[in-house]
Amino acid sequence: MSSYSQFSLLKQRRFLPYFTVQSLGAFNDNVYRQAIIGLLIFLGASTEERSLYAMLAPAIFILPYFLFSAIAGQIAEKLEKQRLIVITTAMEIAIMSLAAVGFLLQNMPVLLIALFCTGVQSTLFGPVKYSVLPSILKPEELTGGNGLVEMGTSISILCGMIAGGMIFQIAGQHGPQTAAIAIVLLAVAGNLMARLIPRMEAGAPELKIRWNPLPESLAVLRMAKRQLAVRNAILGVSWFWFFGTLLTSQLPAYAELHLGGLSDSATLYVFALALFSIGTGVGSLLCEKLSARTVEIGLVPMGAFGMSAFLLDLYFARPGPAPVGGLELAAFLQQAGSARLIVDLLGIGLFTGIFVVPLFALIQSRTPNSEMSRVFAALNIQNSGFIVLAAIVGIVLQRVLGWTIPQLLLALAIANAVVALYIFTIVPEFLMRFLSWLLVRTLYRLRLHGIEKNVPDEGPALLVCNHVSYMDALILAASIPRPVRFVMYYKIFNIPVMSWIFRTAKAIPIAGARENPELMRRAFDEIDAALANGEIVGIFPEGALTRDGAIAPFKSGVEKILERRPVPVVPMALRGMWASMWSRRSARAEGGRLDRMRVPRRFRALVEVAAAEPVDGAGATAAQLEASVRELRGDAA
């Protein structure tokens, strides 16, 4: 487990061709758009004409997302996905051939028509881009795969902008011909690579496509709102686009006015954009390491607050104009305070990546395969709205209210924190997972064995595990990609502060038959209802924390659960928790309850979580399950 690297996916046919296709697509789109700006400069267009294009181009490109996303989502649901990717990349060849004619004729209307067609092609590809990942990746690979995709996208956009902007500078008089050849060759390369993608079955081949865009747009938006966590993950992704659009749209002017860049040079702007893009790529890649290969939405609050923190520091680092102007990159790097600005731009990008990758993984892990493409179509519609809103907000704040760029960035930092708090109050699971992730990852190093192989990806299951410490449920929750409904002794459930985490995670409190028979009855009813609903339930059949490190006999409650609902049972074992400050060994050895709260003797101690093959719940006994857990744990108390 520890030797696994997400980069190993780049060596596998199930992922590499797809990754290359989407990266080439993002690269080519940006080469094309920047090459149009280069052509305008080549033709001697005025600043006003270039400004008009800068406003028209995003609107032309994004309009198809509003018009056709719902139809694209249905097509992506109905067709076999590899075939659809080949079709969309073939469309790209045709569209870029039209754009090549525009470059050769130096005809701007033709180039704008091709730009609209590029938006149509991107709209069709959009629902496929993320909906294919659950088909080609295992559940424990979703976070790493999404991280690679986000990294590839952000770096491809950056490189495409740089390459497209340099075509006319390098090729000179042959710029139109060079641009025409480049975009067509890139489209052909994408299509050839698409043919290497393995076949992926359609999500809903029986789906009847409805071609009226307005009612279907409303229908997919309603579909995306069925599950609260998914709905708010989509809201979070759309906010990511709002945040990124508003921030990056300010970078050209910010580089000149507040970094001191030359007015006729884009060097510092490209440098600032590169810092943000590289930070986003690194943050995206870090998600798998931080989450230990689970879909860890606890990273989302950390990403949100990190974005606001670095954006706030960017404001305070340079609230006014640059003290020195007319700088190239080398001169800027020598200026006092430049290191702080660089760290802030990298930090904003890094935490942006940490913010968005778990949201994509959450949408994929909790959306039925038969609805996946349509849900991502809804995401694209909402993203488009937020991008347009970001442009409007930027214009109003600067042109109407007269705000400076640092003031706008300060407002964005505050708004980001407010939006994050809003999402987390609506779906406390985000904040609960963050607190539990922070607690577990701070105190322990987790090593997992057999989790992805033996814990079912879908459907009901009962987890049975030895009970060593008060942290057991949190450690197991941090190790399992799916949400788990833990059954726990009501006194542990009611521990201050942690109680909020347990309630938010929908843990099920239970008491002994003599203590509170009504609470016990309600607990068994709730367990049965959760299993009937296809959820995972986790129990500690010993009924109490171990007093001597050994596994106590399993109580008959597990048999009662399986008599009512004979679901698969996954034996699990915790290793290394007996010496924890949260176990009874600490209290007995050190002399009292308060000693359990001392600083651990081994900071970030190694804890192992192991899972065995599922056992058929029909006829499984407490003694059999106890023997399985004992064997799994071995001598590693």
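Author: Let's start with a helix pair: α1 and α3 are roughly parallel to each other, where angles under 35 degrees count as roughly parallel, over 145 as roughly antiparallel, 65 to 115 as roughly perpendicular and the rest as oblique. Before we go on, this is a predicted model, so local features need pLDDT of at least 70 and side-chain atom pairs count only at pLDDT 80 or more, while totals for chains, interfaces and linings use all residues. Residues are numbered from 1 along each chain as its sequence is written, and side-chain values use heavy atoms, with hydrogens and water left out.

Reader: At roughly what angle do the axes of α1 and α3 cross?

Author: Helices here are DSSP runs (H or I, at least four residues) and strands likewise (E, at least two), numbered from the N terminus. Axes are lines fitted to C-alpha atoms, for helices over the stretch in contact, with angles from 0 to 180 degrees between N-to-C directions. The axes of α1 (residues 16-42) and α3 (residues 81-105) come within 12 Å, and they cross at roughly 15 degrees.

Reader: Are α9 and α15 roughly parallel or roughly antiparallel?

Author: The axes of α9 (residues 228-257) and α15 (residues 405-426) come within 11 Å and cross at roughly 175 degrees. Their contact residues divide into 18 nonpolar, four polar and one charged. Going by the angle, α9 and α15 are therefore roughly antiparallel.

Reader: What about α13 and α14: how many of their contact residues are charged?

Author: The axes of α13 (residues 338-366) and α14 (residues 372-400) come within 10 Å and cross at roughly 145 degrees; the crossing is right-handed. Phe360, Ile363 and Gln364 of α13 make the contact with Met372, Val375, Phe376 and Leu379 of α14. These divide into six nonpolar, one polar and no charged.

Reader: Which residues touch the most other members of the largest nonpolar core?

Author: A nonpolar core is a set of buried Ala, Val, Leu, Ile, Met, Phe, Trp, Tyr and Cys residues joined through side-chain atoms within 4.5 Å. Buried means under 20% relative accessible area, exposed over 50%, partly exposed in between (1.4 Å probe, protein chains only). Of the 104 residues in the largest core, those touching the most other members are Phe15, Ile85, Leu133, Leu311 and Phe355.

Reader: How many residues are in the other core?

Author: Leu311, from the largest core, touches Phe243, Leu247, Ile348, Leu409, Leu412 and Ala413, leaving out residues up to four places away in sequence. Another core lies apart from it, with Leu443, Ile451, Met488 and Ala611 among its members, and the count there is 41 residues.

Reader: How far apart in space are Ile71 and Leu379, C-alpha to C-alpha?

Author: Ile71 is found in α2 (residues 47-78) and is buried, with a relative accessible area of 10%. Beyond its neighbours within four places in sequence, Ile71 is in contact with Arg210, Trp211 and Pro213. Ile71 and Leu379 are 308 residues apart in sequence, and in space they are 13 Å apart.

Reader: Is Gln6 buried or exposed?

Author: Gln6 is in the segment before α1. Not counting residues up to four places away in sequence, Gln6 touches Gly144, Leu148, Leu285 and Glu288. With 5% relative accessibility, Gln6 counts as buried.

Note on methods:
Contact means heavy atoms within 4.5 Å. Ala, Val, Leu, Ile, Met, Phe, Trp, Tyr, Cys and Pro count as nonpolar, Asp, Glu, Lys and Arg as charged, and the others, Gly among them, as polar. A crossing is left-handed if the near helix is turned anticlockwise from the far one by less than a right angle, and right-handed if clockwise.
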